[in-house]
Amino acid sequence: MGGDRQAVEVQFLGDESSAGLLFRTQGQDFYNDMSFYQFEWYTRGTHHDKRLSLMRKNPYWVQIVTPLYPEAPYKKWIDFRVRAEKDHLEAFIDGERVFDKKDATFVRGGRLGLH
């Protein structure tokens, strides 16, 4: 099996921006019962520190990698892609793998969401 591959193209238009993918998502209420992985990028100046990260929520947010702190490019299309096969998670920006992590918390199917 090739695993689950999900991708989206995004464009940051300025400060206070963020984007990403939620995957292996289950539950109905974001704040109460949803659990998922999230691959995200926050630009500088947001309510979060500028960072590129891979997290899980169940029910609290937990960083599962050491975040990276690259400057987000503005007004340029960026390809976000994740690949999840069993407990192996990979996250890519414009085809370059930025995270490679084993995490068995959510070895399951689920919905895809946009951040």
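Start at Asp87. Select this residue in the predicted model. Asp87 is partly exposed, with a relative accessible area of 27%. Its place is the loop between strand E6 (77-85) and strand E7 (88-93).

Asp87 and Lys102 form a salt bridge, and their closest N and O atoms are 3.9 Å apart. Lys102 sits in strand E8, so this pair ties together parts that are 15 residues apart in sequence. Is Lys102 buried or exposed? Its relative accessibility is 58%, so Lys102 counts as exposed; the cut-off for exposed is over 50%.

**Next stop: Arg83 and Glu90**

Select Arg83 and Glu90 together. They form a salt bridge too, with the closest N and O atoms 3.3 Å apart. Both Arg83 and Glu90 are buried.

Keep them selected and widen the view.

**Across to Arg56 and Asp103**

Go to Arg56 next, then pick Asp103. Arg56 forms a salt bridge with Asp103, and here the closest N and O atoms are 2.5 Å apart. This pair links distant parts of the chain. Arg56 is in strand E4, while Asp103 is in the loop between strand E8 (96-102) and E9. The two residues are 47 apart.

How accessible is each partner? Arg56 has 21% relative accessibility, so this residue counts as partly exposed. Asp103 has a relative accessible area of 8%, so Asp103 is buried. Buried means under 20%.

**Into the sheet**

Which residue is the bridge partner of Arg56 in E5? It is Val62. Select all of strand E4 (residues 51-57) along with E5. These two strands pair in the antiparallel sense, over three bridges.

Strands of a sheet pair through backbone hydrogen bonds, either parallel or antiparallel.

Now show the whole sheet. It is open and has five strands, in the order E5-E4-E3-E2-E9. The pairing is antiparallel.

Arg56 belongs to strand E4, and E4 stands between E5 and E3 in the strand order.

Conventions. Residues numbered from 1 in each chain as written. Predicted model: local features only at pLDDT ≥ 70, side-chain atom pairs only at ≥ 80, totals over all residues. Heavy atoms only, no water. Pairing = 2+ DSSP bridges. Helix = DSSP H or I, 4+ residues; strand = E, 2+ residues; numbered from the N terminus. Salt bridge = Lys/Arg side-chain N within 4 Å of Asp/Glu carboxyl O. Buried < 20%, exposed > 50% of the residue type's maximum accessible area, 1.4 Å probe, protein only.
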